[in-house]
Amino acid sequence: MANFILKVNKYFKPFSTLNLFRQVHTKHKQTIFSGIQPTGVPHLGNYFGAIKQWSSLQNEGKHCVFSIVDLHSITLPQDPQVLRNNIHVMAACLMACGINPEKSLFFLQSQVPQHTELQWILACYTTMARLAHLPQYKEKSSDSFENVPLGLFIYPVLQSADILLYKATDVPIGEDQLQHIQLSQHLVKVFNNKYGNIFPVPQPLIGDNSARIKSLKQPNKKMSKSDLDSKNRIDITDSPDIIAKRIKQAITDFTSEVTYDPENRPGVSNLVRIHGLCTGQSHEKICENSISLNTGQYKKVVADAVIEHLNPIRTEFERLMKDCGYIEKVLLSGSERAAEMALRTMVEVKSAVGLSIRGKVVK
């Protein structure tokens, strides 16, 4: 850690407030930012709903910034050793899914202290009333307000800082995160109106509805990492035997025909959706090809498709987890690069708000 701090400190030297302001343009470069908490192995829904999209954007040549947002994970109590392991696991999973540190900026949030520095400044431009209306806080505080950690209340401001620190123009999200992006947009408008065109207004990139995978046991709910029953999901590192077992146990209904009707047959439709995502086939084509199968037989077809799709990911994940030194090297290198961008932004922000000793002194 000491070496990291020493390396970060060198980036203060070349910065000049005057030079930075000369570099400010009215039009910001397209930059995509997204983050994921290190709270266990991603499941099939995380992969198709977010991570696969990240990989596609990266491979299209977009300027992508991807972070393991470990500061967000400590809004609830964490075992330190488990958290450290989960950071390694998440890094290995993302790289196994195609996130390439040579093509994208990939780093660990807590290693770039400017995230919390910008959070504090942005927090001074929002209100408690606005934060209290955000969905995650309302959900967690419904039982007992006294037991809600302050971090849970203010973490949407940290999310905004994550985005704005890299001047992101686009943020891939699910619809449940839309209000948090709206908070970021609000903070940008307030800040820019007061200090000039410092931040772009980030726009949400909402994923395709067809990629939203549901719980295997409760197909009216989304697949979730926080679900205590692991039978509700398929993790991307699950073995073929576990995948086959989970899909075999998936809830369907009393009709044996394979059809795609999410409203009336959510369980079977969820399997068709998973099948389509793994094979690239349309729902119509899948149902047409499965006309001779009952749902029990069809589950075997789906399991085979999922196993085939995830096999190279699981193999690469296992390889990476045997070399934790390499994972740490990747995260450190990415964090150093992220610090360069973050420090440039913070010099600009601090100068704008008056937290700078440079500039003309008013007598």
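## Helix H3 and the residue after it

Just after helix H3, Gly-61 adopts a positive phi of about 90°. The model is predicted: local features need pLDDT of at least 70 and side-chain atom pairs count only at pLDDT 80 or more, while totals for chains, interfaces and linings use all residues. Residues are numbered from 1 along each chain as its sequence is written, and side-chain values use heavy atoms, with hydrogens and water left out.

H3 covers residues 44-59 and bends by about 35° at Ile-51; the bend is the angle between axes fitted to the seven residues ending at a position and the seven starting there. Helices (H or I, at least four residues) and strands (E, at least two) are DSSP runs, numbered from the N terminus. Among the buried residues of H3 are Leu-44, Tyr-47, Phe-48, Ile-51 and Trp-54. Buried denotes under 20% relative accessible area, exposed over 50%, and partly exposed in between (1.4 Å probe, protein chains only).

## Aromatic pairs

Eight aromatic pairs are found in a search of the whole structure. Rings of Phe, Tyr and Trp (its six-membered ring) pair if their centres lie within 6.5 Å; planes under 30 degrees apart count as stacked, over 60 as edge-to-face and the rest as tilted. Phe-33 and Tyr-166 are stacked, because their ring centres are 6.0 Å apart and their planes lie at 5°. This pair links distant parts of the chain, with Phe-33 in strand E1 and Tyr-166 in the loop between helix H9 and strand E4, 133 residues apart. Both Phe-33 and Tyr-166 are buried.

Tyr-125 and Tyr-195 form an edge-to-face pair, 6.3 Å centre to centre with 85° between the planes. Tyr-125 counts as partly exposed at 21% relative accessibility, and Tyr-195 counts as partly exposed at 23%. Ring pairs join Tyr-125, Phe-191, Tyr-195 and Phe-199 into a cluster.

## Helix H6

Buried residues of H6 include Gln-114, His-115, Leu-118 and Leu-122. Seen down the helix axis, the buried residues of H6 fall within an arc of 165°, so they line one face of the helix; the arc is that of the directions from the axis to the C-beta atoms.

## Nonpolar cores

A nonpolar core is a set of buried Ala, Val, Leu, Ile, Met, Phe, Trp, Tyr and Cys residues joined through side-chain atoms within 4.5 Å. The largest has 53 residues, and those with the most contacts inside it are Leu-44, Leu-94, Phe-106 and Val-306. Apart from this core lies another, of 31 residues, among them Val-112, Leu-122, Ile-181 and Val-188.
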